[in-house]
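Please consider the model shown below.

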Amino acid sequence: MNNSENNGSQVIVVTSGKGGVGKTTTVANVSCALARMGYKVAVMDLDIGLKKLDLILGLENRVIYDIVQVIEGECTLKQALVKDKRFNHLYMLPAAQTRNKDDITPEQVKALCDEMRKDFHFIFIDCPAGIEQGFRNAISAADKAIVVTNPEVSAVRDADRIIGMLESAQFKDIKLIINRIRMDMVKSGNMLSIEDLLEHLCIELLGVVPEDKNVVVSTNKGEPIILNEKSAAAIAFNNIARRIAGEKVEIPDFSENSSFWSRIKTLFSR
Amino acid sequence: MIDFLKKIYARENSSSRDKANERLRIVLAHDRTGTSTHLIEVLKEEIIEVIKKHVEIDGTPEVTIVHEGRQSALDINIPLKGR
Ligand SMILES: Nc1ncnc2c1ncn2[C@@H]1O[C@H](COP(=O)(O)OP(=O)(O)OP(=O)(O)O)[C@@H](O)[C@H]1O
Ligand SMILES: [Mg+2]
């Protein structure tokens with residue numbers, strides 16, 4: 001880490017409202033992909049009391065301190081940051097497992113992020129499910145928000161609620177990731193399509209991640225899916241990382257409705 | 001015959017996605033505005049009462065929530081009797 005670059009750092013919160021839609025999976029894989037591209041990346045687990053990011057990244061045995069201890073002054077930020085074993089530029093700030101979401105405040109999270117900005121290009125915040133204190137802590141320091149949802153009525157309803165709350169909190173940059181889509185089911189009329197979700201939620205699409213069995217396999221091993229070049233989800237997460245870094249990457253042609261896809265493509269090539 | 005069966009099959013299958021869209025449209029309209037179906041009914045009745053005092057209504061009035069992007073508006077359509 002060096003202290004020379006403090007401008008242009010981005011704090012991005014990944015949130016959803018509904019639990020289990022893929023926030024932690026997204027944070028883990030997108031941050032690994034960006035670190036592999038050479039960016040300095042930190043991930044902050046704010047799911048205090050129910051932490052999972054360390055497990056998904058396979059870093060659970062390296063955790064010594066946690067974010068609450070940093071905030072309470074028991075250790076320094078540097079001591080608490082866990083360095084990833086595969087990617088040189090990736091660090092994780094672990095959540096506390098035996099504490100509560102209201103043991104920290106939005107102001108404390110903001111101060112911590114400001115301290116980290118000088119060392120990282122990207123700081124991802126893994127937000128807990130729900131709209132309570134944990135959510136408020138997670139969005140307080142963020143410049144941008146990524147809303148993850150599934151093509152399913154309850155997940156879309158929660159995503160809509162979250163988007164409304166982010167807009168009230170003055171977020172200008174809110175983008176959508178649709179996770180766990182099955183194009184075969186969309187085609188047979190048994191799943192909401194990408195177009196349906198964009199019509200309901202009216203926000204910009206950042207990426208689409210298909211349902212992929214490899215995600216479960218990677219999670220079992222504690223390895224990021226992006227290391228599996230053959231996985232469809234890996235390709236999707238890599239593309240999302242490149243879009244976050246400012247590259248223009250088309251959303252692959254899922255061949256649902258060509259005129260729709262050409263519209264999306266123009267959206268991203270602007 | 002096969003074409004016919006295919007059509008029936010397609011129609012049956014499209015129903016769950018269509019149904020999901022229809023339900024979402026209604027639920028999001030109410031979530032965003034903090035209104036209920038009941039409130040819309042009450043509004044409709046009261047609006048009609050006020051209008052009726054001054055002009056004659058013809059047909060069925062409609063009160064719905066419509067969207068422009070993420071903005072919502074109350075759409076009131078009250079047909080009036082011509083002379
Ligand atoms: N694209 C995918 N294909 C298949 N399985 C997936 C996919 N994305 C996520 N999953 C699985 O869904 C489950 C929930 O994912 P994850 O923990 O990332 O969600 P979350 O939103 O962080 O949940 P929580 O709200 O509990 O924090 C995990 O078991 C994960 O392996
Ligand atoms: Mg999670």
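R180(A) is part of strand β7 (residues 174-181) of chain A; strands (E, at least two residues) and helices (H or I, at least four) are DSSP runs numbered from the N terminus. Although R180(A) is not a glycine, its phi is positive, about 65°.

The model is predicted: local features need pLDDT of at least 70 and side-chain atom pairs count only at pLDDT 80 or more, whereas totals for chains, interfaces and linings use all residues. Residues are numbered from 1 along each chain as its sequence is written, chains are lettered from A and ligands numbered from 1 in the order in which they are written, and side-chain values use heavy atoms, with hydrogens and water left out.

C202(A) lies in the loop between α9 (194-201) and β8 (204-210) of chain A. This residue, which is not glycine, has a positive phi near 50°. Its relative accessibility is 30%, so C202(A) counts as partly exposed.

Helix α11 of chain A covers residues 232-244. Its 13 residues reach 19 Å from the first C-alpha to the last, close to the expected 18 Å, a span defined as 1.5 Å times one less than the number of residues. Ten of the 13 residues of α11(A) are buried, among them F237(A), I240(A) and R243(A). At the start of α11(A), a side-chain oxygen of S231(A) comes within 3.2 Å of the backbone nitrogen of A233(A). Just after α11(A), G246(A) has a positive phi of about 100°.

Methods:
Buried < 20%, exposed > 50% of the residue type's maximum accessible area, 1.4 Å probe, protein only. Polar contact = N/O pair within 3.5 Å; in protein donor to acceptor, adjacent residues only side chain to side chain.
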